Amino acid sequence: MIPKEILKDRATKFVDVRTNTEFKAGHINGAINIPLDQFEKRHTEIEGLGQSPVVIYCRSGNRSGHAVAFLLQKGIKNVYNGGGLEDIQYHLN
């Protein structure tokens with residue numbers, strides 16, 4: 001699990017890799033939505049990527065795991081698989 005200090009850090013960015021429809025149904029406040037099928041082309045939209053902590057989440061942790069693996073393969077660090085939306089919400093409260 002991600003250290004609580006990362007989740008509570010104001011510099012941490014949250015990225016939701018679920019579909020637009022899933023995102024509209026509920027998401028973390030301030031999160032940006034980059035669906036996994038668009039992630040390779042749009043990952044540069046993440047502000048502070050590689051500098052600020054970035055927590056990526058989805059419904060179960062599978063899609064976010066793919067996104068994190070992609071970034072790590074590109075040499076980008078300070079990225080975390082947040083698992084599912086409910087997991088993140090639980091740890092933020």
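In the predicted model, Arg63 and Glu22 form a salt bridge, their closest N and O atoms lying 2.9 Å apart, where a salt bridge is a side-chain nitrogen of Lys or Arg within 4 Å of a carboxyl oxygen of Asp or Glu. The pair joins distant parts of the chain, with Arg63 in helix α4 and Glu22 in helix α2 (residues 20-25), 41 residues apart; helices (H or I, at least four residues) and strands (E, at least two) are DSSP runs numbered from the N terminus. Arg63 is partly exposed at 21% relative accessibility, and Glu22 is partly exposed at 22% (buried means under 20% relative accessible area, exposed over 50%, partly exposed in between, with a 1.4 Å probe and protein chains only). The model is a prediction in which local features need pLDDT of at least 70 and side-chain atom pairs count only at pLDDT 80 or more, whereas totals for chains, interfaces and linings use all residues. Residues are numbered from 1 along each chain as its sequence is written, and side-chain values use heavy atoms, with hydrogens and water left out.

By this rule the count comes to three salt bridges. The side chains of Arg18 and Asp16 meet in one of them at 2.7 Å, N to O; Arg18 is buried with a relative accessible area of 7%, and Asp16 is buried with 0%.

The largest nonpolar core has 15 residues, and those with the most contacts inside it are Val15, Phe39, Ile56 and Leu71; such a core is a set of buried Ala, Val, Leu, Ile, Met, Phe, Trp, Tyr and Cys residues joined through side-chain atoms within 4.5 Å. Its largest share, four residues, comes from α4.
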